[in-house]
Amino acid sequence: MTASSNLIPEPLSRKLRVFAFDPSVAAQFDMAGISEMTIDVPWERNLEPGPVGDYIEVIDADPASGAFYRPLDLNDPRVLAQQGLPPSETNPQFHQQMVYAVAMATIVHFERALGRVALWSSHHDKGSPEESFVRRLRIYPHALRDRNAFYSPEKKALLFGYFPVGIKDANNTPGTLVFTCLSHDIIAHETTHALLDGVHPRFNDPVNQDVLAFHEAFADIVALFQHFSYPGVLRDQISRTRGNLANENLLGQLAQQFGRASGRGNALRDALGDIDPKTGKWKAKEPDVRILERTAEPHARGAILVAAVFGAFLKVYRSRTVDLYRIATEGTGVLREGDIHPDLTRRLADEAARTASYVLQMCIRGIDYCPPVGITFSDYLRGVITADYDLNPDDSSGYRLAFVESFRQWGIHAHGARSTSVDTLFWPTGETAFAEMPERDSAPAAVPGQAAPMDDLTVEDYQRAETQAILSLLNDQESTAGPDQESPKRQSARTTRKLGQASVELDRYEAWAEIDTNAAIVWNWLIEGDGRQFARSFGLVLEEDDPPPTVFRSATSPNRVAVEVHSVRWALRRGFRDVMDTNLLIEVTQRRRGYFDAAEQKRMDRSGNTKFAGAGDFRHRAGCTLIINPSDLSIRRVIKTPGTIADNRELDRIRSYLGGGLEPANAFESARQLLKAREPFALLHRDGEG
């Protein structure tokens, strides 16, 4: 390196060319201006051919043809000089560039919203509780010759298929190949599956109708709203729709080429409308408060959540642009015939981009405010609303009200809420959870060496105890990994005296390792320290509560109920008035053996029973997500699953669901199959649902 090169700063981003939607749009004459675009991805100094970076490893093996395509070197001067390879359906190196660029752009949205580095879910060694760090998500652009693309939790990889077109119409030529790795939407969708799995691995367990539907909907939401971050595409669609984004447009559609080549006649999914089978024309969707009651298939059910989110976006967009229409129409509200003025197009596009960006950030932040298992659409609504309030109490544009109203119009509401106002949807604070804690049937026995139960304390006593407890968690303390947290990887926590601090500068391995170290410290605080006094208000069941025998006990201390701290993460975001907002996010669960035969369940739950041949027919999990504010030493939110691990009603509900006893008929063939599947997304996407 020359002396002069040291004076040249490294780039912040790398510009790469991609298909804006997919090759089918590029093949349309009137779409030529927006068929391709250049996007910015973070500059990775040590990016190797593949591309292989810190987050992603592209491996271009094609098992069907026995080929292994030469990896793309994005640092080749010829590639850098032209901002990446030109879009091409036939060049495998461009396929590699396409999946890398879109996946990295998706990761950026997540890190910005969550306030921390993105991590993939850990690899679990077979037959061992030990976990391994997954540095890179592997992406295979030509993994299978099939009408499919999916995220593999087992392989920690995205596998994209390709297939020949078998129909002939205005949009399809028989024999031509469709590559799912060239669809911006499919890449973003599958990358989102992987990112969500990294935050919530238990969101793959289908214990109710909403779980897998949420995974599909959330992936669609991220893919859709990424469209709005591309100015050229956005301005084009604003101009074509004359600013009315509720009309048919590419921004609300997913995977046009895939849908048409699959015989649907239109995009794979459309958040705004569908082709009317009677007329053959596109028709806008109308909200239906009853539609969830008759929809079970995950993609169809997830589409309802997507429609509700897009409806909220449209409400805010219309509100933010009403003044522009008033000016442009001289108060009439009716635009003249013909193209709208380019200045109006630009201003409408600016408002749409800002609104969509904020909605996307709301949607991603909301996953931090959900229970650790068994998510429902209702939980997600509460999570989005609460997370947005905590970060930005001043909602002058009415985003939260728009979400609540749109969700209500689609039949999604918060279960148990006393009203439909925004403030009743907030998850409870620690103080509220304590005040609402059910009374015990009898006084608990004192546990030597542990904090006294709080059943008889006043709210003022609680506040003092809360402050002291959080101080003990955040400050230096002697910490020993508990029996339910013990593993070879966690033994270093025995000598750790302090929680790792919030930072966005950590290496991703360091961030991953710190989660386990912090988990051991939190377990010690929650079970052996000052946090134990809050366990009941967190929805946790301890040994003094006399839980059923089928609730898992500690492997090393049979008299102790098992409590598992799965994740302890920091979130560092810029919030209201540009003040840095820091939260400590903790996920805690407990397990119980479930049996499909209710009589067998009762037999195994007889008092004194300690003999279990195995783990039961299924696992019932319950727990909570805790959000702690280190600034004011408060338990900011307590987000509990319905009922506790000892709740027989929840156990009966899950048994009924897994047994296919719900109406309408269970769409998961059955849910038992997917509960045990190693590749749930391959099963979900096997019929070309994307």
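Colleague: Which side chain does the side chain of Glu587 join in a polar contact?

Modeller: A polar contact is a pair of N or O atoms within 3.5 Å; within protein, one must be able to donate a hydrogen and the other to accept it, and residues adjacent in sequence count only if both atoms are side-chain atoms. Here the side chains of Glu587 and His200 are joined by such a contact, at 3.0 Å. Please note that this is a predicted model, in which local features need pLDDT of at least 70 and side-chain atom pairs count only at pLDDT 80 or more, while totals for chains, interfaces and linings use all residues. Residues are numbered from 1 along each chain as its sequence is written, and side-chain values use heavy atoms, with hydrogens and water left out.

Colleague: Where is the place of Glu587, and is Glu587 buried or exposed?

Modeller: Helices (H or I, at least four residues) and strands (E, at least two) are DSSP runs, numbered from the N terminus. Glu587 belongs to strand E17, residues 580–594. Buried means under 20% relative accessible area, exposed over 50%, and partly exposed in between, with a 1.4 Å probe and protein chains only. Glu587 has a relative accessible area of 11% and is therefore buried.

Colleague: With which residues is Glu587 in contact, leaving aside its neighbours within four places in sequence?

Modeller: Contact means heavy atoms within 4.5 Å. The partners of Glu587, with those neighbours left aside, include Val199, His200, Pro372, Glu564, His566 and Cys624. The C-alpha atoms of Glu587 and Val373 are separated by 9.6 Å, although the two residues are 214 residues apart along the chain.

Colleague: What share of the contacts in the chain with a separation of 6 or more comes from residues 24 or more positions apart?

Modeller: Such residues account for 68% of those contacts. The chain has 18 helices and 19 strands, and buried residues make up 57% of its 690 residues.

Colleague: How does one read the packing of two helices, and at what angle do H8 and H11 pack?

Modeller: Axes are lines fitted to C-alpha atoms, for helices over the stretch in contact, and angles run from 0 to 180 degrees between N-to-C directions. Helix H8 (residues 298–328) packs with helix H11 (residues 399–409) at an angle of about 135 degrees, and their axes are 8 Å apart. Angles under 35 degrees count as roughly parallel, over 145 as roughly antiparallel, 65 to 115 as roughly perpendicular and the rest as oblique. H8 and H11 are therefore oblique to each other.

Colleague: Which residues of H8 and H11 meet?

Modeller: Among them are Leu305, Ala308 and Arg320 in H8, which meet residues in H11 including Tyr399, Phe403 and Phe407. For classes, Ala, Val, Leu, Ile, Met, Phe, Trp, Tyr, Cys and Pro count as nonpolar, Asp, Glu, Lys and Arg as charged, and the others, Gly among them, as polar. The contact of H8 with H11 has 10 nonpolar, three polar and three charged residues.

Colleague: What covers the buried residues of H11?

Modeller: The cover includes H8, H9 and H10. Tyr399, Phe403 and Phe407 are among the buried residues of H11. After H11 comes Gly411, with a positive phi near 80 degrees.

Colleague: At what angle do the axes of H9 and H10 cross?

Modeller: Helix H9 (residues 342–365) and helix H10 (residues 377–391) cross at roughly 110 degrees, and their axes come within 8 Å. That makes H9 roughly perpendicular to H10. Tyr358, Met362, Cys363 and Arg365 of H9 make the contact with Tyr380, Val384, Ala387, Asp388 and Leu391 of H10. By class, this contact has seven nonpolar, no polar and two charged residues.

Colleague: What does the side chain of Gln601 reach?

Modeller: The side chain of Gln601 reaches the backbone oxygen of Arg593 at 3.2 Å. A polar contact, also given as 3.2 Å, links the side chains of Gln601 and Arg655. Gln601 lies in helix H15 (residues 598–604) and is buried, with a relative accessible area of 4%.
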